Amino acid sequence: MKNKTHGRKVLMLLIVAAALFLTACAGGSSGPQKYKWDDAEFTVKNITDDESAVGKEAGNMSGKCVAVIIDFGDGTISQSKFEKRVANGQFLLSGKKPSTYDYHMANMTFSAGGFETQITGETTIYFDMDPDYEIKDEDLVITE
């Protein structure tokens with residue numbers, strides 16, 4: 001009797017371990033990816049080529065238009081810092097820099113360099129990808 005009980009416990013442990021392993025390997029993300037540039041924090045909300053997200057920008061691309069939607073929430077980042085980081089290759093999709101972006105303007109702030117335009121809320125970053133490009137979350141590389 002003792003041997004059967006021990007065997008059932010071992011079997012249950014193996015089933016639980018296998019279930020945990022499969023859950024970990026299932027490829028599901030652990031939630032939205034969060035990043036920080038200076039004092040500005042943002043979340044990657046979506047990577048898509050859906051018509052509702054790419055809209056008119058798709059007509060400006062030579063290949064497939066892919067939109068990466070990020071959200072600064074209530075926080076802000078200066079437009080010049082954002083654009084500098086993007087131009088410096090700190091936001092890449094499959095090794096490519098964005099073609100253009102669309103963002104919401106916040107209040108202007110005064111800094112040592114004068115007035116700075118601020119970006120807030122949702123920002124859409126558009127990429128001109130090869131026509132046969134398949135979206136993969138791991139292709140998005142953001143350097144903090």
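Is phenylalanine 72 buried or exposed, and what is its relative accessible area?

1. Phenylalanine 72 is buried, with a relative accessible area of 4%, where buried means under 20% relative accessible area, exposed over 50% and partly exposed in between (1.4 Å probe, protein chains only). Phenylalanine 82 is buried as well, at 0%.

2. This is a predicted model, in which local features need pLDDT of at least 70 and side-chain atom pairs count only at pLDDT 80 or more, while totals for chains, interfaces and linings use all residues. Residues are numbered from 1 along each chain as its sequence is written, and side-chain values use heavy atoms, with hydrogens and water left out.

3. The protein chain has an average pLDDT (the predictor's confidence in each residue, from 0 to 100) of 84, and 78% of the residues score at least 70. Over residues 16-29 the pLDDT is below 50, and beyond near neighbours in sequence this stretch has zero contacts (heavy atoms within 4.5 Å) in the model.

4. The structure holds 11 aromatic pairs, a pair being rings of Phe, Tyr and Trp (its six-membered ring) whose centres lie within 6.5 Å, with planes under 30 degrees apart counted as stacked, over 60 as edge-to-face and the rest as tilted. The rings of tyrosine 35 and phenylalanine 42 have centres 5.6 Å apart and planes at 25°, so this pair is stacked; both tyrosine 35 and phenylalanine 42 are buried.

5. Phenylalanine 72 and phenylalanine 82 form an edge-to-face pair, 6.3 Å centre to centre with 80° between the planes. Both residues belong to one aromatic cluster, which also includes Trp37 and Tyr101.
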